[in-house]
Amino acid sequence: MFLDTGFLRSDEILLKLDHTVDPSQTGRTDWLPAYHFSICLPDGTEAGVCDLRIGHNESVYYGGNIGYRVHPAHRGRHYAGKACLLLFQLARRHGLEYLYITCNPENTASRRTCEFAGGVLEGIVELPPDNDMYLEGERQKCIYRFSLRQVP
């Protein structure tokens with residue numbers, strides 16, 4: 001189910017696999033197989049984290065196939081966008097033809113990351129009332145779609 005991830009590196013960053021999640025062991029029927037990484041600089045410094053969920057379902061449509069967070073000291077260098085570009089390679093190896101990344105409409109930095117990585121804004125959608133994020137107080141998501149046929 002999970003593939004080798006040693007190739008997820010560029011001149012600026014590398015993705016170090018922290019762990020994987022097999023949904024059959026979680027008890028959650030809405031979860032998909034997932035990889036969790038540290039975004040590291042070449043010297044090993046952790047600049048942030050990211051994850052990739054493999055597959056598509058309603059939960060991922062609203063929550064995204066990819067999540068990321070860059071530590072404050074490392075922001076402004078497009079590390080999240082560059083990590084997404086690396087994760088696209090892994091998603092293609094899993095046979096995925098497209099991915100979603102979502103964010104809150106007011107999250108300007110994340111919207112810029114999606115644009116940097118080549119996403120197309122499908123729209124701003126209302127979260128369904130039974131969605132976990134809705135239950136935590138969120139109401140809308142920007143839905144960006146990434147065609148893996150069009151990215152390097």
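Colleague: Let us say that a charge sits over a ring if NZ of Lys or CZ of Arg is within 6 Å of the ring centre and within 35 degrees of the ring normal. Over which ring does the charged end of Arg145 sit?

Modeller: Arg145 places its charged end over the ring of Tyr98, 3.8 Å from its centre. Likewise, the charged end of Arg93 sits over the ring of Phe7, at 3.5 Å from the centre. The model is predicted, so local features need pLDDT of at least 70 and side-chain atom pairs count only at pLDDT 80 or more, whereas totals for chains, interfaces and linings use all residues. Residues are numbered from 1 along each chain as its sequence is written, and side-chain values use heavy atoms, with hydrogens and water left out.

Colleague: Is Tyr98 buried or partly exposed?

Modeller: Tyr98 counts as partly exposed, at 24% relative accessibility (buried means under 20% relative accessible area, exposed over 50%, partly exposed in between, with a 1.4 Å probe and protein chains only). Tyr100 is buried, with 10%.

Colleague: How many aromatic pairs does the whole structure have?

Modeller: The search finds 6 (rings of Phe, Tyr and Trp, the last by its six-membered ring, pair if their centres lie within 6.5 Å; planes under 30 degrees apart are stacked, over 60 edge-to-face, the rest tilted). In one of them, the centres of Phe88 and Phe146 are 5.2 Å apart with planes at 45°, so that pair is tilted. Phe88 belongs to helix α2 (residues 79-93) and Phe146 to strand β7, so to speak distant parts of the chain, 58 residues apart (helices, H or I of at least four residues, and strands, E of at least two, are DSSP runs numbered from the N terminus). Phe88 is buried at 0% relative accessible area, and Phe146 is buried at 0% as well.

Colleague: And the rings of Tyr98 and Tyr100, how are they arranged?

Modeller: Their centres are 5.6 Å apart and their planes stand at 75°, so the pair is edge-to-face. Ring pairs link Tyr98 and Tyr100 with Tyr61 and Tyr62 into a cluster.

Colleague: Turning to the sheet that contains β7, what is the strand order?

Modeller: The order is β5-β7-β6, in an open sheet of 3 strands with antiparallel pairing (two strands pair if DSSP finds at least two bridges between them). The edges are β5 (98-103) and β6 (120-126); each has a single partner strand, so one side of each lacks a neighbour in the sheet. From one strand to the next, the twist averages 25° (axes are lines fitted to C-alpha atoms, for helices over the stretch in contact, and angles run from 0 to 180 degrees between N-to-C directions). Between β6 and β7 (residues 140-147) there are 6 bridges, and Leu121 stands opposite Tyr144.

Colleague: Which helix packs on that sheet?

Modeller: Helix α3 (residues 108-116) does, touching β5, β6 and β7, and its direction makes about 15° with that of β7 (contact means heavy atoms within 4.5 Å). The buried residues of α3 are Ser110, Thr113 and Cys114. Seen down the helix axis, they fall within an arc of 100°, so they line one face (the arc is that of the directions from the axis to the C-beta atoms). These residues pack against β4, α2, β5 and β7. Just after α3, Gly118 takes a positive phi of about 95°.

Colleague: Where do β1 and β4 stand in their sheet?

Modeller: β1 (14-21) and β4 (66-70) stand at the edges of an open antiparallel sheet in the order β1-β2-β3-β4. There, 7 bridges join β1 to β2 (residues 34-40), with Lys16 opposite Ser38.
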